[in-house]
Amino acid sequence: MAGLTLTVVSPEREVLREEGVTLVLAPSVEGQLGILPRHAPLITQLEPGTLELRRGAETQHFSITGGFLEVMDNTVTVLADASENASEISRERAEAAREAAMRDLDEARQTHDDVMTTQARLALLRALARLRTVERARRG
Amino acid sequence: MASPLELRRRIRSVDNTRQITRAMQLVAASRMRRAQEAVQAARPYATHISGMIERLVLATGNDRLPPILQPRPIERTAFLVLTTNRGLAGPLNTNIVRTAVSEIDATSDAIEISVVVVGKKGHLALRGLYTLSAVFTDISDQPSVLDIAPVTQLLVDGYERGDFDEVRMVYPEFVNILTQQPRVVRLFPVVLPEVQQDAREADIIFEPDPASVLEALIPRFVEMTVYRAMLELAASEQSARMVAMRAATENATELIEGLRLAYNKLRQARITSEIIDIASGANALADA
């Protein structure tokens, strides 16, 4: 059976292109979504979380901070807002980012700065998504 | 006539300037290459998002479009003007500002306007002319999507709230190293990608449904459009600076040549008159 082609693109670059993928697990807004080869055409919105791809026994994890996913003709395209491979994520940095975001959020709430509040909330979600990815990659 | 000492000082000073302009030229050249690569790297996302929007619009149907895509009468227009933070970039910022001003003035006769500026140069040039509703001067000249998120958020929120009914963006398009063309594009109401006449509604599953996905996707589309314009600005800035600094370096070289010639002439004249002095002195002694 022919595998899937998975491409992850962010506005800044093409993050990933993998051929012969046997399974893609993605955090859809409707819940965890599993895509096997010859999946029906699909367009869905993604939540911040972990994108997992399997090729035979090999498994890779990517942190995504939200985006969109499209399945068409055995090609899975993820339009990610930002995406990182689990092995590239530093646990300390993600942890530091989480703390910084929480501090910013507190400060923004006190000053009632709407733009800053939204920014801080998004930063927090991103940091949490990264931490989750690191966790899952470690557990395999 | 300047003294030889003065001429030597001026030569040294122009030479120092030339070293600076040449260094800036080289730095701009290497940054320009990076900026052009960033423009290239942003293309796949743009292609995919346009295709996705096309399929979503087709599936939603024109009568069920989400509010963000529904047309409404235009009573207030916002302008987003993209300029650089730093100068020494030739006529780049002047040209953007000129285009922006003529665009804004042509509009403000009929309807209310608000102006949002990116870049210190645009801020300086426009703050005396209009009331600026927001200014962003902390965006790097190698922008990331996160850098520009506050800008798009402001525009998307403002449009959704109804603060303005149209948003136009003025930015320089990078045509080639010598040409940067100021361009005006409409961000809101969103210019949807052309749906092919013969496109059929494919049997696509949408989660949760096409209208909601479309509604969530539109802010990303606008963000991508602004991000790409920022990259065009960055490439334009570096190429304009490179050209301006190359011209400055050449001018300095010419100036130095002129000064050297004047200095040498002066030195020669002094030597000649000293020889005449000595010679005529010696002659006078011999005659006596």
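**Strand pairing and contacts**

Author: I205(B), in β6(B), is the bridge partner of L42(A). The model is a predicted one.

Reader: How many bridges join β5(A) to β6(B)?

Author: The pair L42(A) and I205(B) links chain A to β6(B). β5(A) and β6(B) run parallel, and the number of bridges that join them is three.

Reader: Which element gives the most to the side of chain B that touches chain A?

Author: The contact draws 22 residues from chain A and 26 residues from chain B. On the chain B side, α2 (43–60), α5 (145–161), β6 (205–207) and α6 (210–287) each supply at least two residues. By type, that side divides into 20 nonpolar, three polar and three charged residues. With seven residues, the element that gives the most is α2(B).

Reader: Within chain A, which element gives the most to the side of domain 1 that touches domain 2?

Author: Chain A is divided into domain 1 (4–86) and domain 2 (89–139), and their centres, taken over C-alpha atoms, are 23 Å apart. Ten residues from domain 1 of chain A and ten residues from domain 2 of chain A form the contact. On the domain 1 side, β5 (42–55) and β6 (58–72) of chain A each supply at least two residues. The element that gives the most, with five residues, is β6(A).

Reader: How do the residues of that side of domain 1 of chain A divide by type?

Author: The side in question is the one that touches domain 2 of chain A, and β6(A) gives the most to it. Its residues divide into four nonpolar, five polar and one charged.

Reader: Where in chain B is P208(B) found?

Author: A cis peptide bond joins E207(B) and P208(B), with omega about -5°. Another cis peptide bond joins F188(B) and P189(B), with omega about -10°; P189(B) is in the loop between β5 (180–188) and β6 of chain B. P208(B) is found in the loop between β6 and α6 of chain B.

Reader: Is R38(A) buried or exposed?

Author: R38(A) lies in the loop between β4 (31–35) and β5 of chain A. This residue is not a glycine, yet its phi is positive, about 65°. Because 11 other C-beta atoms lie within 10 Å, and 12 or fewer is the cut-off, R38(A) counts as exposed.

Reader: And what does L88(B) count as, with 15 C-beta neighbours inside 10 Å?

Author: L88(B), in the loop between β1 (76–82) and α3 (92–108) of chain B, has a positive phi near 50°. Its 15 C-beta neighbours inside 10 Å fall between the cut-offs of 12 and 20, so L88(B) counts as partly exposed.

Technical notes. Residues are numbered from 1 along each chain as its sequence is written. Chains are lettered from A and ligands numbered from 1 in the order in which they are written. This is a predicted model: local features need pLDDT of at least 70, side-chain atom pairs count only at pLDDT 80 or more; totals for chains, interfaces and linings use all residues. Domain bounds come from an automatic or database domain assignment. Two residues are in contact if their C-beta atoms, placed from the backbone, lie within 7 Å. Helices (H or I, at least four residues) and strands (E, at least two) are DSSP runs, numbered from the N terminus. Ala, Val, Leu, Ile, Met, Phe, Trp, Tyr, Cys and Pro count as nonpolar, Asp, Glu, Lys and Arg as charged, and the others, Gly among them, as polar. Two strands pair if DSSP finds at least two bridges between them.
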